[in-house]
Amino acid sequence: IDLSAGFTGGTAAAVMGVVLTRQGQPWPLAVLAGILTGAFIGLVIGLLVSLLGIPSFVVTLANVLLFQGILLLIVRDGGSVRIDNDFINNVVGGTLSPTQSWIVAVLGLGLYGLSQVRRQRLSYGAMPMSLVAIRFVAGAVLVGVVTYLLNQNRAFASAPEPITGMPIVIPAIAILVVVLSFVLDRLRYGRFLYAVGGNREAARRAGINVKWVEWSAFVCTAMVAAIGGIFLASRVNSVDSNTGANDTLLLAVGAAVIGGTSLFGGRGRMINAVLGGLVLALIPNGLGLIGKTEIFGWEVDFSSSGVKFICSGLALLVASSVDALSRKRTA
């Protein structure tokens with residue numbers, strides 16, 4: 001676990017903001033600078049952990065303070081770096097047109113259908129074609145309903161302009177999930193990651209370069225954290241000393257655990273982590289809709305921050321308990 005992932009994203013976003021705003025460079029170069037910053041941070045962490053043997057908990061905990069200080073120096077104490085580029089700001093805040101939304105939905109369904117057909121062929125008959133058809137139809141219904149709802153006006157009645165269409169962040173996240181899932185599920189490197197995470201010694205005896213896998217894992221983690229930092233900057237159109245701070249890391253770990261990623265290593269999928277993040281996002285939103293209600297004679301305000309934190313913590317605790325119990329049963 002990389003405890004400094006939140007501030008890694010914040011530092012990468014700050015570098016992007018400086019290159020974009022203060023140096024006046026084009027946005028592709030600024031985004032590349034932010035991602036390379038994350039890669040360099042991961043490189044340093046990986047070298048300290050894999051080559052020097054320092055526990056990752058200690059290294060990344062120290063980096064929390066280190067990167068927080070670097071972030072403060074970049075944005076200048078009490079200040080911020082404003083993001084004025086429309087393309088970057090629209091990554092999280094922008095939407096596609098209704099026509100573009102349907103095109104993205106159809107393309108996504110087509111890729112999903114092709115992947116299911118490929119799985120059926122590779123199963124040599126173990127997966128019936130009827131199951132592929134059922135999965136595709138269910139996915140088509142779900143995507144169709146969601147796309148239709150997103151194409152409706154979501155703005156308040158007093159809003160100056162309507163808000164319709166699929167948020168751009170949805171296909172952006174989908175691309176990340178597809179690419180990272182391909183790396184984990186289809187490439188030899190992904191199998192090495194699972195092997196080292198499941199049993200480090202067994203992986204070493206199987207001929208896997210464990211140190212290289214650990215080092216590269218921290219690099220990949222920091223690069224993804226940098227992309228997350230860019231998303232955070234896009235959401236608020238600026239970078240300040242709190243970008244990547246607060247509960248960013250806790251929510252990231254919670255999303256992975258609730259999605260089925262094992263804290264003991266060796267198990268997890270990208271799409272499940274996204275679904276776990278969706279659950280964590282739905283909890284406070286759903287509780288806010290419930291509002292005040294009476295339970296066993298006690299009036300509980302589910303819209304309060306305290307109750308939301310308690311419910312999110314309980315969800316994380318239940319998920320980690322299920323993981324621990326399932327490990328004991330299979331041991």
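Asn-237 sits in the loop between H10 and strand E2 (238–240). The model is predicted. The phi angle of Asn-237 is near 60°, a positive value in a residue other than glycine. With 27% relative accessibility, Asn-237 counts as partly exposed, since that class runs between 20% and 50%.

### The chain as a whole

The protein chain holds 13 helices and four strands. Its radius of gyration is 22 Å, close to the 20 Å that the globule rule gives for 331 residues, so the chain is as compact as a globular protein of that length. The C-alpha trace spans about 65 × 60 × 55 Å along its principal axes.

How much of the chain is buried? Of the 331 residues, 33% count as buried. The protein chain exposes about 19,500 Å². Carbon and sulfur atoms supply 68% of that area.

Contacts reach across the sequence. Take the contacts with a separation of 6 or more: residues 24 or more positions apart account for 66% of them.

The charges can be summarised by their mean positions. The chain has 23 positive and 14 negative charges.

### Aromatic pairs

How many aromatic pairs does the structure hold? There are two aromatic pairs. In one of them, the rings of Trp-27 and Phe-87 have their centres 3.9 Å apart. Their planes meet at 20°, so the pair is stacked; the cut-off for stacking is under 30 degrees. Trp-27 belongs to helix H2 (residues 27–50) and Phe-87 to helix H4 (residues 86–93). The pair therefore ties together parts that are 60 residues apart in sequence. Trp-27 counts as partly exposed, at 32% relative accessibility. Phe-87 also counts as partly exposed, at 45%.

Tyr-189 and Trp-212 also pair, with ring centres 5.5 Å apart. Why is this pair edge-to-face? The planes stand at 75°, and the edge-to-face class takes planes over 60 degrees apart. Tyr-189 lies in helix H8 (residues 188–198) and Trp-212 in helix H10 (residues 210–236). The two residues are 23 apart, and the pair links distant parts of the chain. Tyr-189 is buried, with a relative accessible area of 17%. Trp-212 is partly exposed, with a relative accessible area of 41%.

| Pair | Centre distance | Plane angle | Class |
|---|---|---|---|
| Trp-27 and Phe-87 | 3.9 Å | 20° | stacked |
| Tyr-189 and Trp-212 | 5.5 Å | 75° | edge-to-face |

Helix H1 (residues 5–22) contains Gly-17. Is Gly-17 buried or exposed? Gly-17 is buried, with a relative accessible area of 0%. Leaving aside neighbours within four places in sequence, Gly-17 is in contact with Arg-22, Val-81 and Ile-83. Gly-17 can also be placed against Gly-34, 17 residues away in sequence. Their C-alpha atoms are 8.4 Å apart in space.

Thr-37 is part of helix H2, the helix that also carries Trp-27. Thr-37 is buried, with a relative accessible area of 17%. Which residues does Thr-37 contact, leaving aside its neighbours within four places in sequence? They are Thr-11, Ala-12 and Val-15.

Ser-181 lies in helix H7 (residues 169–186). Ser-181 is buried at a relative accessible area of 17%, under the 20% cut-off. Not counting residues up to four places away in sequence, Ser-181 touches Arg-186 and Met-270.

Gly-110 is found in helix H5 (residues 98–122). At 33% relative accessibility, Gly-110 counts as partly exposed. Gly-110 and Phe-136 are 26 residues apart along the chain. Their C-alpha atoms are separated by 9.3 Å.

Technical notes: Residues are numbered from 1 along each chain as its sequence is written. This is a predicted model: local features need pLDDT of at least 70, side-chain atom pairs count only at pLDDT 80 or more; totals for chains, interfaces and linings use all residues. Side-chain values use heavy atoms; hydrogens and water are left out. The radius of gyration is taken over C-alpha atoms; the globule rule is 2.2 Å times the number of residues to the power 0.38. Buried means under 20% relative accessible area, exposed over 50%, partly exposed in between (1.4 Å probe, protein chains only). Contact means heavy atoms within 4.5 Å. Accessible areas come from the Shrake-Rupley method with a 1.4 Å probe; for residues, only the protein chains shown count as cover. Lys and Arg count as positive and Asp and Glu as negative; His and the chain ends are not counted. The place of a charge is taken as NZ of Lys, CZ of Arg, CG of Asp or CD of Glu. Rings of Phe, Tyr and Trp (its six-membered ring) pair if their centres lie within 6.5 Å; planes under 30 degrees apart count as stacked, over 60 as edge-to-face and the rest as tilted.
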